Amino acid sequence: MPIDPSIAIGADLGARTFSWTESDVLLYHLGIGAGSRPGDNLSPAALRYTLDDAALQVLPSFGVVAPTFHETDPPPLDLPGCDINLAQVVHGSQSISVSGPLPTSGTATIRATLTDIWDKGKAAVIWQEGVATSDATGEELWRVRSSIFVKGEGGWGGDRGSATPVEVPDREPDHVSSYTVTPQQALLYRLCGDRNPLHADPDFAKAAGFPAPILHGLCSYGTVLRELTDGLLGGDASQVGGFTGRFAGVVFPGETIRVAGWRTDAGIIGSATIEGGDRDGSPVLADCVLSPA
């Protein structure tokens, strides 16, 4: 069968050594919309993301993409025990936790493991985890955990898995902002190492069941984290200890994302939905938790 859990679960996905520079950090921040609002390109807050000087900071979500940032081919899906293709796959969820502020340049090694596979009947959910350590010091820099949703590959009678939804507080949010995705944002974000044609090729997108190319889920993920950081943490990325989100819906370039955030004892709980148009209120990112540093 296309997925063999007996081979896949627990498989060591190997280690990858990678490097990044300040230019990569700047491009990533531009890819998730930093400085794109009118006047933002001159604001001190936006320049902390977009100007390579002593004040440059790194939004922790950069750690998710740093290992593959310089890839120019579509992402491979050569996972042990999994015979799947890109047209079947959407990103399910993503989390990162950091040990401290990320350096603006460096070299690290990440080792990943395929940890679990859930059988959802008409689909499978594949989980993997990775730990990145500094090559210079040997210290842990960050940890990532992610899932992909593979359409049409469930039904073998495996564990359905479990998930606990994050409850949004029953009160007005402490922060609300709106961000309009630029028409070319998916094309720009592709330069951050994800060349999946789903986000650029209209014919590929239609074959995958979408009327047009969609924004990368990780672009929405980074955008929401940036909006919450700017709105509730004074734009200080060093105050972010981690960020988790579940991809609950798609975004098309040109649409507006409404981001709401609530301060709680456990951290900042966030939500993201489409604002305006025929899809007003459609979910984008759910179960969002920004953990404090």
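These are my notebook entries on one predicted model.

**Entry 1: the whole chain**

I started with the overall picture. The chain has seven helices and 10 strands. I then looked up its extent, and along the principal axes the C-alpha trace spans about 55 × 50 × 40 Å.

Next I checked the radius of gyration. A compact globule of 293 residues would have a value near 19 Å, and the chain has 18 Å, so the two agree.

How much of the chain is buried? I found that 47% of the 293 residues count as buried. The accessible surface comes to about 13,100 Å², and carbon and sulfur atoms hold 52% of that surface.

I also looked at contacts between residues at least 6 apart in sequence. Of these, 75% join residues at least 24 apart.

I got 19 positive and 35 negative side chains. The centres of the two sets lie 4 Å apart.

I picked strand S2, residues 89-98, to follow through the fold.

Which strands does S2 pair with? One is S5, residues 140-151, which runs antiparallel to S2 over nine bridges. The other one I noted is S7, residues 240-247, again antiparallel, with five bridges.

I wanted a residue pair for each pairing. For S5, I found Ser147 as the bridge partner of Ser93. For S7, I found Thr244 standing opposite Ser95.

**Entry 2: Ser93**

I stayed in strand S2, where Ser93 lies. Is Ser93 buried or exposed? Its relative accessible area is 11%, and the cut-off for buried is under 20%, so Ser93 counts as buried.

Then I listed what Ser93 touches, leaving aside neighbours within four places in sequence. The contacts are Trp127, Arg145, Ser146, Ser147, Gly245, Arg246 and Phe247. Ser147 I already had as the bridge partner of Ser93 in S5.

Ser93 and Arg246 are 153 residues apart along the chain, yet their C-alpha atoms are separated by 4.2 Å.

**Entry 3: on to S7 and S10**

S7 is mostly covered, with six of its eight residues buried. S7 also pairs with strand S10, residues 283-292, in the antiparallel sense over six bridges.

What stands opposite Thr244 in S10? I found Val289 there.

In strand S10 I stopped at Asp287. Asp287 has a positive phi of about 50 degrees although it is not a glycine. Asp287 is also buried, at a relative accessible area of 19%.

**Entry 4: helix H2**

Now for a helix. In H2, residues 22-31, the buried residues are Asp24, Val25, Leu26, Tyr28, His29 and Gly31. What do they pack against? My list reads strand S1 (12-20), H3, H4, H5 and helix H7 (217-232).

Just after H2 comes Gly33, with a positive phi of about 95 degrees.

**Entry 5: two loop residues**

I finished with two residues in loops. Gln57 sits between helix H3 (44-50) and helix H4 (62-65). At 9% relative accessibility, Gln57 counts as buried.

Not counting residues up to four places away in sequence, Gln57 touches Val25, His29, Arg48, Tyr49, Gly235, Asp236, Ala237 and Ser238. Val25 and His29 were in my list of buried residues in H2.

Where is His199? I found it in the loop between helix H5 (185-189) and helix H6 (202-207). His199 is buried too, with a relative accessible area of 7%.

Again skipping residues up to four places away in sequence, I noted that His199 touches Ala186, Leu187, Asp194, Pro213, Ile214, Leu215 and His216. His199 and Gln57 are 142 residues apart in sequence and 27 Å apart in space, C-alpha to C-alpha.

Key
Residues are numbered from 1 along each chain as its sequence is written. This is a predicted model: local features need pLDDT of at least 70, side-chain atom pairs count only at pLDDT 80 or more; totals for chains, interfaces and linings use all residues. Side-chain values use heavy atoms; hydrogens and water are left out. Buried means under 20% relative accessible area, exposed over 50%, partly exposed in between (1.4 Å probe, protein chains only). Helices (H or I, at least four residues) and strands (E, at least two) are DSSP runs, numbered from the N terminus. Two strands pair if DSSP finds at least two bridges between them. The radius of gyration is taken over C-alpha atoms; the globule rule is 2.2 Å times the number of residues to the power 0.38. Contact means heavy atoms within 4.5 Å. Accessible areas come from the Shrake-Rupley method with a 1.4 Å probe; for residues, only the protein chains shown count as cover. Lys and Arg count as positive and Asp and Glu as negative; His and the chain ends are not counted. The place of a charge is taken as NZ of Lys, CZ of Arg, CG of Asp or CD of Glu.
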